[in-house]
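Let's take a walk through this protein together, from its overall build down to single residues. Keep the sequence and the structure open beside you as you read.

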Amino acid sequence: MDFAFDARTEELRAKLEAFMAEHVHPAERVAEEQRAALASPWDTPAVVEELKAEARRQGLWNLFFVDQHSLPDEEYGAGLTNLQYAPLAEITGRSPQLAPTALNCAAPDTGNMEVLAQFGDAEQKKRWLEPLLAGEIRSAFAMTEPEVASSDATNIETRIERDGDDYVINGRKWYISGAMNPLCRIFIVMGKTDPDGPDIRRQQSMVLVPRDTPGLTVKRAMQVYGYEDHYHGGHAEVLFEDVRVPVGNLIGEEGGGFGIAQARLGPGRIHHCMRLIGMAERAIELMCRRAVARTAFGRPLAQQGVVQEWIADARVAVEQLRLLVLKTAWLMDTVGNKGAHTEIQAIKIATPRTVVDILDKAVQLHGAGGVSQDFPLAELWAAARTLRLADGPDEVHQRSLARREIKRYV
Ligand SMILES: Cc1cc2nc3c(=O)[nH]c(=O)nc-3n(C[C@H](O)[C@H](O)[C@H](O)COP(=O)(O)OP(=O)(O)OC[C@H]3O[C@@H](n4cnc5c(N)ncnc54)[C@H](O)[C@@H]3O)c2cc1C
């Protein structure tokens, strides 16, 4: 039995289910075929642009954008709450390569749009936020560095130095999602403007760096368990060598970078968790279909006790996770992201871990097919597994959650 949401959400949910069935799922194979024929695997298959146009036409566009007031034009967002967006994002998780992009709800653009809407000035919004909201360009968020433990953002070594009316940027970043896509026109770069400042959380700033700025080199595509994540625009290593941008490219104020990074991550984390639940639902469906269709040792796999246990445990886990994600979304809507801190940490710990386990069982049930390219399971597993690292490793969230919990008793 499914949750019943409010009328607006139910209407959008029905529309999105139909959009997935009529357009997205049939496009999965088409997109693969088109990509194989592209000059570069990083270009966007034509069918993706067609999906975007259709989604926009149907009003299934920028659904993620909760803070409607900060948008330059009301037409851009659907004006949903986090609680309303949650079941919709879940549906897109069933086809994570295509659906989030089709709806202009894909990371890292969503987080970058939120940063620009919340902290960008009028000119920055005009130049970068508007084309992002229109789905004309893509963007990247460059924080992580190969040389330092970047789960602790105070370690970041990239320098952003003031020189007259410019900032000069030097540093090396990696796993910068989206940067391999030639449509990625803008980087939000985190670096230190005041490396010796007394407050280690005020040493960092964020600047906008257009892709074509001299000194910015997209070096190579980093792999994820051997996958290159073409649909995501890959995960690039990026070099900044004496990259010069005007001081007007600073986002917010000098020293505000750490705070912006914190603000950016709350919604981004819950969006990943919403989609992960959709991925788990797809895994359960594939498990059940395979279990009834395949016979070993004289009976269908569905009649093996161990298989029934996997399916039952997966269902229980998904129901628990969904409730926790919905509670978190509701808290974000009612008491704000800060007030939902513990729950955001909790879903970020619990969801990828559990969904990885469900996908692992689904792979096992499919035998060799499970690790192959003929089923989506191996790629979904790899994607879910990386979310135990991306947006902060499990252990950092556990540390932060535990500290808050313990603090109540000291
Ligand atoms: C697919 C993917 C996409 C990504 N996209 C982006 C992106 O777009 N932009 C970007 O800037 N970054 C991106 N990242 C990078 C990601 O955010 C970092 O990998 C993550 O923050 C961890 O930093 P690190 O790799 O430097 O690991 P480290 O900081 O070196 O940590 C390594 C390990 O140390 C352990 N550890 C760390 N701190 C603690 C602690 N307090 N307690 C216990 N154990 C601890 C954890 O097990 C952790 O996994 C992406 C990563 C992946 C895999």
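Predicted model: local features only at pLDDT ≥ 70, side-chain atom pairs only at ≥ 80, totals over all residues.

Residues are numbered from 1 along each chain as its sequence is written, and side-chain values use heavy atoms, with hydrogens and water left out.

Along the principal axes, the C-alpha atoms fill a box of roughly 80 × 60 × 45 Å. Buried residues account for 53% of the 410 residues, where buried means under 20% relative accessible area, exposed over 50%, and partly exposed in between (1.4 Å probe, protein chains only). Of the contacts between residues at least 6 apart in sequence, 73% join residues at least 24 apart; a contact here means heavy atoms within 4.5 Å.

Now to the helices. Which residues of α3 are buried? They are Asn-82, Gln-84, Tyr-85, Ala-86, Pro-87, Leu-88, Ala-89, Glu-90, Ile-91 and Thr-92. With 10 of its 11 residues buried, helix α3 (residues 82-92) is largely enclosed by the rest of the structure. The cover over these buried residues includes α1 (7-36), α4 (99-102), α7 and α8.

Gly-278 lies in helix α7 and is buried, at 0% relative accessible area. Leaving aside neighbours within four places in sequence, Gly-278 is in contact with Glu-90, Gly-93 and Arg-94. Gly-278 also sits 9.3 Å from Val-318, C-alpha to C-alpha, although the two are 40 residues apart in sequence. In helix α8 (residues 305-339) you will find Arg-322, which counts as buried at 11% relative accessibility. Leaving aside neighbours within four places in sequence, Arg-322 is in contact with Glu-90, Ile-277 and Glu-281. Elsewhere in α7 (residues 257-293) is Ala-263, which is partly exposed, with a relative accessible area of 27%.

Helix α5 (residues 109-119) is another enclosed element: nine of its 11 residues are buried, so the rest of the structure largely surrounds it. Among the buried ones are Asp-109, Asn-112 and Leu-116. Their cover includes α6 (122-133), β1 (138-142), β4 (184-192), β5 (204-210), β8 and α7. Look too at the loop between α4 and α5, where Pro-108 has its place. A cis peptide bond joins Ala-107 and Pro-108, with omega at about 0 degrees.

What about Asn-249, buried or exposed? Asn-249 is buried, with a relative accessible area of 13%, and is found in the loop between β7 (235-246) and β8 (250-251). Its contacts, leaving aside neighbours within four places in sequence, are Gln-124, Met-206, Val-207, Leu-208 and Pro-210.

Two backbone angles deserve a look as well. Asn-62 has a positive phi of about 50 degrees although it is not a glycine. This residue is in the loop between α2 (46-57) and α3, and counts as buried at 0% relative accessibility. Tyr-175, also not a glycine, has a positive phi of about 55 degrees. Tyr-175 lies in strand β3 (residues 166-177) and is partly exposed, at 35% relative accessible area.

Finally, the cysteines. A search of the whole structure finds zero disulfides, a disulfide being a pair of cysteine sulfur atoms within 2.5 Å. For Cys-184, the nearest cysteine sulfur, that of Cys-105, is 18 Å away.

Key:
Helix = DSSP H or I, 4+ residues; strand = E, 2+ residues; numbered from the N terminus.
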